[in-house]
Amino acid sequence: MATVAIVGGGPAGLSAGLFAAKNGLETVLFDGDDTWMHKAHLFNYPGVGSVGGSEFVATARQQVDDFGVDRKQGEEATAVAANEDGFTVTTAEGEYDADYLILATGANRDLAEALGCEFDDDGTVSVGLDTETSVANAYATGAMARKEEWQAVIAAGDGAAAALDVLTKEKGDHYHDFDTPATAADVFGEIADDSA
């Protein structure tokens, strides 16, 4: 059983997966490859001068893979449900259980509706600043919770926030993911060793 299940392989889902796995949470991510990023070109993403959306996604996928996310490429989540231990994500290939659920499906809010999440008057999933929905331990990110704010950088930030909120619940206090040059060298050394 995973600690975190993430549905969606765009900037929000990949960011959530990166933060969760980098900080030791067993993470499964369902990437149906439906992200709008394949139609985008980024000039407005800090730290990125100019990159095609598909290239950006490929880089982000490699990052989550390097940190050990169990990325189910092409495996679309068809249903999500709360259970006594957390959540079950259903795909055509099977069922996966997790303690926490992060929904990162862009403007498609069908899974949030089926899960029983509350919605705001504008049709977005109702969340607080912590991105948690009305269903305990289920989070909604990016365009799911933001009317007409479909920006990669906003989605990635929401995905990171959701993962940090889960990490706070799991590890206690308010969890921060802040690397220094020394810790970055440690992390990238481990990745290089694992890749060899």
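Trainee: So what does "partly exposed" mean here?
Mentor: Buried is under 20% relative accessible area, exposed is over 50%, and partly exposed is in between. Take D70: its relative accessibility is 37%, so D70 counts as partly exposed. Keep in mind that this is a predicted model.

Trainee: Okay, and which residue does D70 form a salt bridge with?
Mentor: With K72, where the side chains meet at 3.3 Å, N to O. K72 has 18% relative accessibility, so K72 falls on the buried side of the 20% cut-off.

Trainee: How many salt bridges are there in the whole structure?
Mentor: A search of the whole structure turns up 5. One of them joins the side chains of D31 and R71, at 4.0 Å from N to O.

Trainee: Where do D31 and R71 lie?
Mentor: D31 is in strand 2, residues 27-31, and R71 is in strand 5, residues 70-73, so this pair ties together parts 40 residues apart in sequence.

Trainee: Is D31 buried or exposed?
Mentor: Buried, because its relative accessibility is 1%.

Trainee: What other salt-bridge partner does R71 have?
Mentor: D65. The R71 and D65 side chains meet at 2.7 Å, N to O. With a relative accessibility of 30%, D65 counts as partly exposed.

Trainee: And which residues end up in one network?
Mentor: D31, R61, D65 and R71, joined by salt bridges that share partners.

Trainee: Switching topic: what's the overall layout of the chain?
Mentor: There are 5 helices and 9 strands. Reading from the N terminus, the order is β-α-β-β-β-α-β-β-β-β-α-β-α-α.

Trainee: How much of the chain is buried?
Mentor: 45% of the 196 residues count as buried. The chain exposes about 9,700 Å², with carbon and sulfur atoms supplying 49% of that area.

Trainee: Let's do strand 1. Why would you call it largely enclosed?
Mentor: Because 6 of the 6 residues in strand 1, residues 2-7, are buried, the rest of the structure largely encloses it.

Trainee: Which strands does strand 1 pair with?
Mentor: Strand 8, residues 94-103, is one partner, parallel over 5 bridges. There, A2 has A98 as its bridge partner. Strand 2 is another, also parallel, over 4 bridges, and on that side A5 stands opposite V28.

Trainee: How does the chain get from strand 1 to strand 2?
Mentor: Through helix 1, residues 11-22, and that β-α-β crossover is right-handed.

Trainee: Last one, L29. Where is it?
Mentor: L29 sits in strand 2. Its relative accessibility is 0%, so L29 counts as buried.

Trainee: And which residues does L29 contact, leaving aside neighbours within four places in sequence?
Mentor: I6, G8, G9, G13, L14, G17, V69, D70, R71 and K72. That list includes R71, the salt-bridge partner of D31, plus D70 and K72, the pair we began with.

Trainee: How far apart are L29 and L14?
Mentor: They're 15 residues apart in sequence, and their C-alpha atoms are 8.0 Å apart in space.

Definitions and conventions. Residues are numbered from 1 along each chain as its sequence is written. This is a predicted model: local features need pLDDT of at least 70, side-chain atom pairs count only at pLDDT 80 or more; totals for chains, interfaces and linings use all residues. Side-chain values use heavy atoms; hydrogens and water are left out. Helices (H or I, at least four residues) and strands (E, at least two) are DSSP runs, numbered from the N terminus. Buried means under 20% relative accessible area, exposed over 50%, partly exposed in between (1.4 Å probe, protein chains only). Accessible areas come from the Shrake-Rupley method with a 1.4 Å probe; for residues, only the protein chains shown count as cover. Two strands pair if DSSP finds at least two bridges between them. A crossover is right-handed if, with the strands pointing away from the viewer, the path from the first strand over the helix to the second runs clockwise. Contact means heavy atoms within 4.5 Å.
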